[in-house]
Amino acid sequence: MNVIRYAILVGGGILMLTPFFWLVSSSFKTPATIYVFPPQWIPDPFRWQNYVEVFDAVPVLRASWNTVYITMFASIGVIMSSAMAAYGFARLRFRGRDLTFSLLLSTVMLPYVVTMIPIFIMFSRLGWVDSFKPLIVPHWFGGPITIFMLRQFFRTIPLELESAARIDGASRPRIFLQVIIPLARPALVVTSILALVFNWNGFLEPLIYLRKTKLYTLALLVNSLREFESGLDWTHYMMVVSTIMVVPVLILYFLAQRAFIEGIVLTGLKG
């Protein structure tokens with residue numbers, strides 16, 4: 001039975017990794033050999049030059065920096081604000097707490113396309129279009145899913161630890177920073193990884209708010225290569241930029257894999 005189980009797992013893993021292998025392989029091909037059938041898994045000819053030429057052809061470094069900038073500040077914002085809100089919902093007693101939390105979670109069911117136009121009009125009147133502000137500032141007001149996950153984890157932390165800290169004279173902010181946050185490392189790792197991946201891969205919002213080429217993220221740069229110059233097939237450059245975009249996410253996951261799995265297991269143990 002173990003042999004069958006492992007065979008199924010290996011087969012499933014290979015199936016899931018096939019698109020990634022094809023992406024990386026295609027980044028070393030010429031445009032003419034990318035769509036040949038059956039697929040050519042080993043490029044022939046093997047073009048290392050694609051990775052050199054793409055930096056001369058399109059602003060990859062600029063787009064990479066824009067993506068890192070947005071991802072870093074948006075992720076920091078959503079984790080900090082969500083952690084504070086989650087602690088309030090988990091530990092503070094105030095009138096309407098459960099109702100407020102229920103309303104917060106109900107916003108998850110609201111499709112983004114419903115609020116997309118009103119939000120765009122608001123940011124347009126603020127003069128934020130063609131800037132990074134619409135992609136960063138809203139994250140500093142928390143995210144419903146992040147708040148929910150952190151709240152669930154905070155509720156698993158024994159109240160006795162906070163009581164002991166209060167007896168020692170610790171204030172509520174000090175308890176939050178020096179007691180709760182260190183104990184919530186697994187949940188913070190999970191939510192941080194999810195926030196980083198979400199902002200790194202963001203496409204729709206940058207497409208709406210960023211119009212100047214110098215503000216493009218990697219996702220917008222990949223999309224723009226379809227029509228970068230009329231009459232030219234830049235598919236191989238699309239594959240190169242896509243590979244550059246995917247690799248950091250894979251590295252992040254492998255580096256934080258153990259903490260990520262631990263956090264997923266521990267988060268939400270208490271309702």
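Predicted model: local features only at pLDDT ≥ 70, side-chain atom pairs only at ≥ 80, totals over all residues.

Reader: What does tryptophan 48 pair with, and in what geometry?
Author: Its partner is phenylalanine 28, and the two rings sit edge-to-face, 4.9 Å centre to centre with 70° between the planes.

Reader: Is phenylalanine 28 buried or exposed?
Author: Phenylalanine 28 comes out at 11% relative accessibility, so it counts as buried.

Reader: How are the rings of phenylalanine 101 and phenylalanine 148 arranged?
Author: That pair is stacked, because the planes are at 20°, with the centres 6.4 Å apart. Phenylalanine 101 belongs to helix 5 (residues 97-106) and phenylalanine 148 to helix 8, 47 residues apart. Phenylalanine 101 is buried at 8% relative accessibility, whereas phenylalanine 148 is partly exposed at 32%.

Reader: Which residues do ring pairs link into a cluster?
Author: Trp65, Tyr69, Phe73 and Phe132.

Reader: Switching to the core. How many residues are in the largest nonpolar one?
Author: It has 23 residues, and those with the most contacts inside it are Tyr87, Leu150, Phe154, Ile175, Phe176 and Ile180. Helix 4 (60-91), helix 8 (144-154), helix 10 (172-183) and helix 11 (185-200) each give two or more residues. Helix 4 gives the most, with 7.

Reader: What is phenylalanine 154 in contact with?
Author: Leaving aside neighbours within four places in sequence, phenylalanine 154 is in contact with Ala83, Ala86, Tyr87, Ala90, Arg91, Phe176, Ile180 and Ala184. There's also a second, separate core of 15 residues, which includes Ala63, Val222, Tyr237 and Val241.

Reader: And at what angle do helix 10 and helix 11 pack?
Author: About 70°, with their axes 5 Å apart. That angle is why helix 10 counts as roughly perpendicular to helix 11.

Reader: Which residues make that contact?
Author: Helix 10 brings Ile181, Pro182 and Leu183, and helix 11 brings Arg185, Pro186 and Leu188. By type, the contact of helix 10 with helix 11 has 5 nonpolar residues, no polar and 1 charged.

Note on methods: Residues numbered from 1 in each chain as written. Heavy atoms only, no water. Core = buried A, V, L, I, M, F, W, Y, C linked by side-chain atoms within 4.5 Å. Buried < 20%, exposed > 50% of the residue type's maximum accessible area, 1.4 Å probe, protein only. Helix = DSSP H or I, 4+ residues; strand = E, 2+ residues; numbered from the N terminus. Contact = heavy atoms within 4.5 Å. Axes fitted to C-alpha atoms, helices over the stretch in contact; angles between N-to-C directions. Parallel < 35°, antiparallel > 145°, perpendicular 65-115°, else oblique. Nonpolar A, V, L, I, M, F, W, Y, C, P; charged D, E, K, R; others polar. Phe/Tyr/Trp six-rings, centres within 6.5 Å; stacked < 30°, edge-to-face > 60°.
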